[in-house]
Amino acid sequence: MSTILEIRNLNVGYEGENGTTKIINNFNLKIEEGVIFGIAGESGSGKSTLAQAIYNSLRYPGIIESGEVIFDGKDILKLSKRELRRIRAVDTTFIPQAAMNALNPVKRIGDQFNDVFEAHGEDIEESQSRIQSVLNMVRLSPEVLHSYPHELSGGMRQRTVIAMALVLSPKLVILDEPTTGLDVLVEHDILRDIKRIQRQKGFTMLVITHDLSILYQISDWIAMVYAGEITEYGKREDMLNSPLHPYNYLLLKSLPRIGAERYDGIKLIGAPSNYSETNKGCQFITRCPFSKNECQITHPELEAGYGNDHYYRCVRTPDWKP
Amino acid sequence: MTALPIKYIIKRIVIFIAVFFGALTLNFMLPRLMPGNPAEIVYEDLLRDSGGDINISFLHQLEAEYGISNNKPIWIQFFSYLNDLFHGNLGISIAFFPVPVSTILYEALPWTLFLVISSITISFFIGNRLGRYAGLNRNHAGDLIIDLFSMFMAAFPAFVLAFLMLDIFSVYGKLFPVGGAFAVGVNMGLNVPFIVSTLYHAVLPVATITLTSLGGWVLGMRNNIIPNVNSDYIGFSQNLGLKDYQVKRIAYRNALLPNLTGFSMSIGLSVSGVIIEESIFSYPGVGMYMITAIDDLDYPLLQGIFLMVIIAVLVGNLIVDILLGILDPRIKQEGD
């Protein structure tokens, strides 16, 4: 397996009146071709910022301070506007949060598909079969092409957005909270379809979410993000069965399980970091029930957990484990 | 799905007719609610001039002539008013006695419509283009210049600008005529000297109305396009790698819809709104006659002019309602 996306020392912040607030700190990640990679974090953990930075679509006041995002051998952050535009939808694509409002309200769906072909120099007549096959994949009838967005349900609009993003068969698909605002049944259907399409077409998928059930349902690989840093990442089974970071451990404990006894142990309390105060030690210290003095002194680095596929950021592993 | 939303258009036309009748009723009622009548004024003038040597029956005769005798019940007056209206009989002007009001309007209205439609159309297109540029290049130098200019023009009183134009370009510059719609001695009709003369005489009034109405369009368009640029669908179209002109087209098209509604309003309202410009430039439009009608308490003429304003506003609204129904698919749905 070769690496399709590599993030190196990425630093992202938001410019404000009192200087830049750093959100993403020295972020490093490698994603292999053909996998579904899930990145999860609480609201405000910087995951959407990360997704936009990776796609180089971050808008002011968001600022990419340094780092590289190597996709297909090229640094996305160094591409010109023109080069960036050309790879979008063709090589890599981005399905945004609130995808339900992502369609132009005054244009028919079919014409919006044709706009994508026009933008990338594809022949509109010859490309109609591609629309048919991609609509088929997301289980939409071709009739939607004659509809305006307001005539479709939320789920159908979501499927339309996914179809539009996939119509030119990109190699890397970034989904930022792909099912926000949909009810659980529609969400489940759409996720199952996304996973099926991914397995069929073999593209790489990066899913950003705050929903642990979604995360564990579809991902092959999982990274947990807290305060703009990875706390732990690895294959789904390792992450699910034997977490090595307190954050991941407590999050998993917070999930209710049918049939299991009620969990009455240590709980995750407090609110996520607001980035206003930086401490030189562990970012999670304010909420970690297992922290000791040593956590305040040194900033933990990622350490290998299980083989070469698993890393965690905690100096007290495995001592904290109850 | 049909290209023309027939049901929606029919609904709009029904509403149009209902509102039209409501407005006609008001137009009928208003003069009758006012104290006194023009016949009394004329009668009193004559009475004073002749030293009391006039019979009271002359007053009744005048009232009958003006169509304002009060000896019939009000609903009969209303029906005869409607009946006259649909036969094109708007009564006899008092100020220009005995010219029928319809004749005056027939001569004046085309000039006003010419003035209004050409200047509003020009300012709508230029204004929207400038607003689009300003909104898409927010906070750049061009945007700031356009904003300042627009706010200045929007706040600048029309009559001051009209006088300035007249002073600078006609009185001192001698570039354009000081008044009238076409030169004396030119024959009205479809001939080149008439058209040239008409356009030449229209330059200053059209420029004045265009400039004073420009600011509203610019600022409206700019304010519509800015939230559009930050909308989810613009973000997604950029994520799909759409070309710059495609993205701008989407933003512009969505931002244009509110301004189109404004366009209908101003077409209608401008028929009465260019009174000042018409009188300053001595342009023989409805506005000039309206001032005379007010001065002379010429009710029939005023009523006729109000009728024209009503029709202009309503027709303007109808056209844009239909246009919006075609351009914005969301509107015709809720009307179905």
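Mentor: Let us start with Ser169(A), which is placed in the loop between H5 and strand S7 (172-176) of chain A. Helices (H or I, at least four residues) and strands (E, at least two) are DSSP runs, numbered from the N terminus. This is a predicted model, in which local features need pLDDT of at least 70 and side-chain atom pairs count only at pLDDT 80 or more, while totals for chains, interfaces and linings use all residues. Residues are numbered from 1 along each chain as its sequence is written, chains are lettered from A and ligands numbered from 1 in the order in which they are written, and side-chain values use heavy atoms, with hydrogens and water left out.

Trainee: What is the phi of Ser169(A) near?

Mentor: Its phi is near 50°, a positive value in a residue other than glycine.

Trainee: And which residues does a cis peptide bond join?

Mentor: One such bond joins Thr317(A) and Pro318(A), with omega about 5°. Pro318(A) sits in the segment after strand S12 (311-312) of chain A. The bond from Tyr60(A) to Pro61(A) is cis as well, with omega near 10°. Pro61(A) belongs to the loop between H1 and S4 of chain A.

Trainee: Let us turn to chain B. How many helices and strands are in its secondary structure?

Mentor: Chain B has 14 helices and zero strands. Its C-alpha atoms fill a box of roughly 90 × 55 × 40 Å along the principal axes.

Trainee: How many residues of chain A are in contact with chain B?

Mentor: There are 30 from chain A, in contact with 26 residues of chain B; contact means heavy atoms within 4.5 Å. Together the two chains bury about 2,400 Å², 54% of it on carbon and sulfur atoms. Buried area is the accessible area (1.4 Å probe) that two parts lose on being put together, summed over both.

Trainee: Which three residues supply 25% of the area that chain A buries?

Mentor: Arg59(A), Pro105(A) and Val106(A) do, more than any other three residues.

Trainee: How many salt bridges does the rule find across the interface?

Mentor: It finds zero between chain A and chain B; a salt bridge is a side-chain nitrogen of Lys or Arg within 4 Å of a carboxyl oxygen of Asp or Glu. Ten residue pairs (both at pLDDT 80 or more) are in polar contact between the chains. A polar contact is a pair of N or O atoms within 3.5 Å; within protein, one must be able to donate a hydrogen and the other to accept it, and residues adjacent in sequence count only if both atoms are side-chain atoms.

Trainee: Now the open spaces. How much space lies in the largest pocket?

Mentor: The largest pocket holds about 1,500 Å³. On a 1 Å grid over the protein atoms alone, a pocket is an open set of points with protein on both sides within 12 Å along at least five of seven lines, whereas a cavity is a set where a 1.4 Å probe fits but cannot get out; lining residues have an atom within 4 Å of a point. Grid points are joined across faces, edges and corners, and a volume is the space filled by probe spheres set on the points.

Trainee: Which residues lie nearest the centre of the largest pocket?

Mentor: Of its 43 lining residues, these are Ser57(A), Arg59(A), Val229(B), Ile234(B) and Gln238(B). H9(B) gives the most to this lining, with six residues. By class, the lining has 15 nonpolar, 17 polar and eleven charged residues. Ala, Val, Leu, Ile, Met, Phe, Trp, Tyr, Cys and Pro count as nonpolar, Asp, Glu, Lys and Arg as charged, and the others, Gly among them, as polar.

Trainee: And how many cavities of 30 Å³ or more does the search find?

Mentor: It finds five in the whole structure. The largest cavity has about 100 Å³ of space. Its lining has 14 residues, with Asn104(A), Gln112(A), Ser237(B), Leu242(B) and Ile250(B) nearest the centre. Helix H3 (109-119) of chain A and helix H9 (232-239) of chain B are the elements that give two or more residues to that lining.

Trainee: What about the second largest cavity?

Mentor: It contains about 90 Å³ of space. Among its 14 lining residues, Pro246(A), Cys282(A), Cys288(A), Cys295(A) and Cys314(A) are the closest to its centre.
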